[in-house]
Amino acid sequence: MPAVSKGDGMRGLAVFISDIRNCKSKEAEIKRINKELANIRSKFKGDKALDGYSKKKYVCKLLFIFLLGHDIDFGHMEAVNLLSSNKYTEKQIGYLFISVLVNSNSELIRLINNAIKNDLSSRNPTFMCLALHCIANVGSREMAEAFAGEIPRILVAGDTMDSVKQSAALCLLRLYKASPDLVLMGEWTSRVVHLLNDQHMGVVTAAISLITCLSSKNPDEFKTCVSLAVSRLSRIVSSASTDLQDYTYYFVPAPWLSCKLLRLLQCYPPPEDGAVKGRLVECLETILNKAQEPPKSKKVQHSNAKNAILFEAISLIIHYDSEPNLLVRACNQLGQFLQHRETNLRYLALESMCTLASSEFSHEAVKTHIETVINALKTERDVSVRQRAADLLYAMCDRSNAKQIVAEMLSYLETADYSIREEMVLKVAILAEKYAVDYSWYVDTILNLIRIAGDYVSEEVWYRVIQIVINRDDVQGYAAKTVFEALQAPACHENMVKVGGYILGEFGNLIAGDPRSSPLVQFNLLHSKFHLCSVPTRALLLSAYIKFINLFPETKATIQEVLRSDSQIRNSDVELQQRAVEYLKLSSIASTDVLATVLEEMPPFPERESSILAKLKKKKGPGAVSVELEDGKERGELNGGGDRGGDAAIAASNASTPSPSADLLGLRSTAPVSGATPSAGSLLVDVFSEAGPSATSAGVNDDGFLSALHAPEASDSPLVEGPGDSDSAPPTVASEDPAPPLPESDELLNKFVCKNNGVLFENQLLQIGIKSEYRQNLGRMYLFYGNKTSVQFVSFNTTVSCPGELQSQLNVQTKTVEPLVEGGAQVQQVINIECLTDFIDAPLLNIKFRYGGALQNISLKLPVTINKFFQPTEMAAADFFQRWKQLSQPQQEAQKIFKASHGMDTEVLKAKLLGLGTALLENVDPNPENYVCAGVIQTKAQQVGCLLRLEPNAQAQMYRLTLRSSKDTVSQRVCDLLAEQF
C-alpha cells in the first residue's frame, strides 16, 4: 500500500473534529455543522475548480457529519469524481463515502460501476482491492448483475496477486449471499475448488469461506473439494507450530483455517475413497491426541484456539456417525470437559454429548458420565448449563437408567428455574411414558409431577396419562387408588383434581370395595375441591358426578341434591348451568338400562404420536426438522416395546392386526368433523375436545381404517376425500413424464416392501418421510417434506405420475402442497391410491423447488408395490397343500434361489414375512425350519390368491423362495420383491 505523504494529514478535518468535540451543547454542535456545510456547499459550487486534496478533505468532512447522525444531500458527485484519481488516499476516501452513503437506488450507480470496472481492469492490486471492497460493502443487486461474471475470472486468474484473490473470494461470497441467483459459478467451479491447494494460506482461508457457502447449497457441484480439504487439513494438523509462522496463533497452526476445513467437510457424507477416508480419520485422531497433550502456553488464547479445532473435529465425527472408535474417544474427551473450571467448555461439552447420545456407537459411553451430569444439574450456577445438563440426561435415558434419571429430574424440578420448568415437565412426562414397562410407576411419576410442578403441567400431560390409563386394563385399579390418595392432600393442584375427577368417574368402582374409599367418600372428596376450581374443572367434575350415579346408584340422592342446588342450576356460567340441568334431568327420567348405556365406560383411545412429544418438538422451535415417526421405532418404545431399533420390531409394527394398538402411527385417527357439536354429557369430548376415540369419530370405521377409503359409492371419484379434506384441490397427477428417477430409487423402494413408515429420501436440503396404510384395494399415503435448511423453499411443487401401462393399473389422487416451505419447517401431502389391477412399476414422485435461486429437481419412485394390497388368509395344512397342488402349472410358479444378504434371524424373517402383508401359517410345512404364508391380493378387477414357501439353509447361508399364484405376473413380481429383503 502506498505511503501516506505529509500533506495527506488533512489539518482542516482535524480542526473541524476538534471544534465539534469542544461544543458545549447540542445547539452549538448543530450551529458549527451548519456553518461547515454552508462552506463546503459554496466550495463545491464555486467557479474555482477544486484540487484532489480539497475534494478529499471536504468529502471526509461530509462523511464525518453523516456519521454524527445528520443527513447529507450533496457531495455525492464529488465523491464519484475522487474514484478517477490516481492517488490512493483520494480514491480510498471516494470509495469509503460511496460504501457508506450511496444506496442501490442512486442515480449515480452507473457512474460508480464504470469507475469500479476501470479499477478492476487496471491490474493495480491496490485499486482492485478498493473496488472489490466497495462492491462487497454495497452488495446491491445492480452490482451483482454488473460484476458477478467478472469477479470469478479475477479470482482464478493466474496473474492475480494473493491479496486481490482474498478480496475477490470474500466479495463473491457477499454477492452470493445477497443474490444467489445471479452468481453462477458454472465453468469456474473446478478452478475455485482448486484454490484449496493455493500456496498462500490467506487465499485458502478466504476461498474456503466461499466454497463452504456454495457447497452447502449445491453440494454435488463442489464434491471434489472433499479430497482437497482433507489433504490441506492433514498438512496443517501434522505441521509443527514453527512451520506456519505467519499463520500460527499462540502455538496453534492456522486455527481458523482448520475450523473452516472441518466445517466444510460437515457438508458431505464420509468420503467413499478409502485412502481419503483413512487420511481424514488419521487427522481426527491426531486432533484428539493433541487435546490430551499438556498446553504449550498458559494463555487463554492458546486453549481457545486448541478447543475450537477440537470441538469442530468432534462435530465432524458426530456428523459421520460411522467410526465407533472416534465416537467413543470424542465422548471420553468431552467427559473430561464436564468438570472443567471454564463454564463455556462445560456448556459446549454437554451440548455435544447430547448429540453423541443419539448414536448407537457412543450411547453407552455417554451413559458412563451420568453421575457427573446429575451433579452438574444440581450444582451449576449458570442456568443455561443446567438446561444443557437436563437435555443430556433426557438424551442418554434408556430403559436401564430411566427410573434413576426421572427421579433426579423430579428432584431437581422442586428448585428448578422457572424459565425451564415447563420443558423439564414435558421431558419427565415423555421419559416416564417412553420407558414405562411397569405402568404403575408411570402413574406415580405423573402424579408426582403434578404435585411438584402443577402450574407447569400442560393439558397435554394430563390428557396423556388419562389416555394411557383408559387403554391399559392392568393399571386402572392402581391409578384409581393412587389418585384417590393424592386428592386427600390439603393443598391439591387443580390438574390433580382434573385427573382425579376423570379417573374416579371412570374407574372409581374398582376401589369402592374398601370402606376407606366407598362411593360416598369418593364423591365427598371430589366435591370438597369443587368450589376451589375453575369453570372448566367444575364442568369436568359435574360429568364425573353423573358417572357416579351410574357406577354407584346409592349416591344418586346425594348427587341430585348437589345438582339441584341454586349454586348449580342458577349458576352464572351457562356451561355449568346447562350441565347441571341436563344431568339432573337425565338422572331423574332415564331408566337404569338407558343410564348405563349413555354413561358406559369410555372406549380405548386410538394410539397415536404422544401429544407431549409433539409439544416438546414445537417448543424446541423449527430448527430441528425430523419426520414425525421414524420407522415406527419410537412409537414401539412409547408403548413399552422392545429395545432400540430392530427390523423385527419395525416390520411387526407394520403388520396388519385388528387391535387398536397396532396403529402406532395414528393413521386411524382423524379430527372431528367440522360442525359436529359434542354432547354435553360426554365426558370424553368435554376433556379431549381435540381428538375423540375412534368410536365417536365420523371419519373412522370399526376397524379403525379411514372410512373415506371404503365409500367409493359416495362420489363419482373412485377415492373419496376423507374428513378434513374438503379443501383438496383437483388431482394433480402429472400427464407428462417426469424427470428420470434417481439412481438409488429402486434401492429406496425396496426398503419399504415390508414396512409402511420411515424416511424415504434425505439429502443436505430435504427430508421426505412417509407413513401409509392399506385396506383391500385402497391405500392412503402421507408424505412429509422437511426443509433441513434455514432458507425458504419457494415454488415448491410435487407431482405424481403413473408411467406407461401403470395409468390403467393404478388410480392415484394427490392433495396439493403449500408452494412455500419455511426454513426448518415441514409440510404434509396426502395421496389416495386405488389398485385397479395387478402392476409391476411404481408411480413416480417429482419434487421441484427453488432454493437460493437454484432450481432443485428430484424424482423418486413412490413405494407402492403390489404386495401392499395383500389381505392375509389363514388356512389349515390340508387346505394349504390342496391349494398348492391346484396351482401347479409352470406359469403360476416363480422360484428363486439366492444367497442371504443379512443374518438369518428367525424373528426378523417372521417379521418381514408379516410385513409383506401375508398370513404366516404355523405348523403347516413338514419341515419346521421352513416358512409358509398365504394371502389374497385385492384389486378392483379381481382377487389373486397367493401362496408362499421360504426354505432357509443356515449352513449354506442360502434361501429358496417359491411363489404360486393364480396369475403368473403376480408370482414373478412378488418373488422378485421379496428376494431383495433377505
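Mentor: The lining of the largest cavity is made up of P270, P271, K277, L280, V281, L284, I317, Y320, D321, S322, E323 and L326, where a lining residue is one with an atom within 4 Å of a cavity point. The model is a predicted one, in which local features need pLDDT of at least 70 and side-chain atom pairs count only at pLDDT 80 or more, while totals for chains, interfaces and linings use all residues. Numbering starts from 1 along each chain as its sequence is written, and side-chain values rest on heavy atoms, with hydrogens and water left out.

A cavity here is a set of points, on a 1 Å grid over the protein atoms alone, where a 1.4 Å probe fits but cannot get out. Searching the whole structure gives three cavities of 30 Å³ or more, and the largest has a volume of about 70 Å³, volume being the space filled by probe spheres set on the points, which are joined across faces, edges and corners. Two helices, α15 (274-292) and α16 (300-320), each contribute at least two residues to this lining, with α15 giving the most, namely four; helices are DSSP runs of H or I with at least four residues, strands are E runs of at least two, and both are numbered from the N terminus. By class the lining comprises eight nonpolar, one polar and three charged residues, where Ala, Val, Leu, Ile, Met, Phe, Trp, Tyr, Cys and Pro count as nonpolar, Asp, Glu, Lys and Arg as charged, and the others, Gly among them, as polar.

Among contacts (heavy atoms within 4.5 Å) between residues at least 6 apart in sequence, 69% join residues at least 24 apart.

Among the strands there is an open three-stranded sheet with the order β6-β9-β10 and antiparallel pairing, two strands being paired if DSSP finds at least two bridges between them. Its edge strands, each pairing on one side only, are β6 (793-801) and β10, and on average neighbouring strands of this sheet are turned by 15° against each other, direction ignored, with the axes being lines fitted to C-alpha atoms and angles running from 0 to 180 degrees between N-to-C directions. Strands β9 (residues 844-851) and β10 (residues 854-861) are joined over eight antiparallel bridges, in which Y851 is partnered by A854 and K848 by N857. The two strands form a hairpin with two residues between them, and G852 in that turn has a positive phi of about 60°.

Finally, L766 in strand β4 (residues 766-775) is buried, at a relative accessible area of 1%. Leaving out residues up to four places away in sequence, L766 touches F761, Y785, G786, K788, F793, F796, I847, F849 and I858.

Technical notes: 1 Å grid on protein atoms, 1.4 Å probe; cavity = no way out; pocket = protein on both sides within 12 Å on 5 of 7 lines; lining within 4 Å. Buried < 20%, exposed > 50% of the residue type's maximum accessible area, 1.4 Å probe, protein only.
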